[in-house]
Amino acid sequence: MTKRFENKTVFVTGGTGALGTAVGKRFAEEGARVFLADLNPENVEGVIAAFDGLPQPEIVGLNVTKEEEWQSVLTEVVAKAGKLDGLVNAAGVVGTAPFPIDELPYAEWQRMMAVNVDGSFLGTREAIRVMKKTGGGAIVNIGSTTSFVSSVDAIPYNVSKASVRALSRNAAFSAGKLGYKVRVNAVHPTWIWTPLVEAMLLKKYGSREKALEVILQQHCVDRLPEPADIANAVVFLASDEAELITGADLVIDGGRTLG
């Protein structure tokens, strides 16, 4: 490993989920001090095991929809580490069921927007407030290929991820023009083969084989991305190698959005 993040501190939300853990591990491999935040940190032993042989992450509780919790936890991070160099907003929720537009409950819309949009906004804003005082940094928001397409019955998720995309571009422009030395980018994955996605697809299609057969017909490659694929992209965008990249959309979809 190149140790691109040696002596740097990175904060990852959704940190004890499959994607957040993979992202945190990849940063640790590059030398970062890693903080993993989650609403109710789960599988902590498994997360720690994933970091075997690496600097252990610090796991903290955080409700990403609560402004005061963001301010408190980032104050604590800076008190411990001295600065914040990277933030990855990976916390997110998916729909509870498919709903066409005329049957979509307002509560479902509000739940999705609160976590996916408000959580990303609060994290981005609070990280910029910290980073501009401590030498700058990089923020990577996790969007989705669904931000580029429409849906019959997954509307709040698609709209929430489109909002994350717009947030990232506008935050990048604002922070850059104001001279804060903070870059903001978004990564947009297709289906990532995580336990959550696997459970959703098995429920819909009945078997792993059938699910992959149907889903991969939408793509130009023969597999879905694993969390490590997304982690590699996130680490690149947060690194100094990407110092001229801000406000960008990095799509990791195996060609899904080409058709």
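The buried residues of helix 8 pack against helix 1 (18-29), strand 4 (86-89), strand 5 (137-142), strand 6 (182-189) and strand 7, where contact means heavy atoms within 4.5 Å, and where helices (H or I, at least four residues) and strands (E, at least two) are DSSP runs numbered from the N terminus. Before I go on, please note that this is a predicted model, in which local features need pLDDT of at least 70 and side-chain atom pairs count only at pLDDT 80 or more, while totals for chains, interfaces and linings use all residues. Residues are numbered from 1 along each chain as its sequence is written, and side-chain values use heavy atoms, with hydrogens and water left out.

Which residues of helix 8 are buried? They are Pro227, Ile230, Ala231, Ala233, Val234, Val235, Leu237 and Ala238, buried being under 20% relative accessible area, exposed over 50%, and partly exposed in between (1.4 Å probe, protein chains only). As for its length, the 12 residues of helix 8 (residues 227-238) should span 16 Å at 1.5 Å a residue, and the end C-alpha atoms are 17 Å apart, which agrees; the expected span is 1.5 Å times one less than the number of residues.

Let me turn to the charged side chains. Searching the whole structure gives 17 salt bridges, each defined as a side-chain nitrogen of Lys or Arg within 4 Å of a carboxyl oxygen of Asp or Glu.

One of them joins Glu58 and Arg33, at 2.6 Å from N to O. This pair links distant parts of the chain, with Glu58 in strand 3 (residues 58-61) and Arg33 in strand 2 (residues 33-38), 25 residues apart. Glu58 counts as partly exposed at 21% relative accessibility, and Arg33 likewise counts as partly exposed, at 34%.

Arg111 and Glu108 are separated by about one helical turn, because they lie 3 residues apart in helix 4 (residues 106-131). Arg111 is partly exposed, with a relative accessible area of 29%, whereas Glu108 is buried, at 7%.

Asp249 and Arg169 also meet in a salt bridge, at 3.7 Å from N to O. Here too distant parts of the chain are linked, since Asp249 is in strand 7 (residues 249-252) and Arg169 is in helix 5 (residues 155-177), 80 residues apart. Asp249 is partly exposed at 23% relative accessibility, and Arg169 is partly exposed at 43%.

Finally, salt bridges that share partners join Arg4, Arg26, Glu29, Glu30 and Glu241 into one network.
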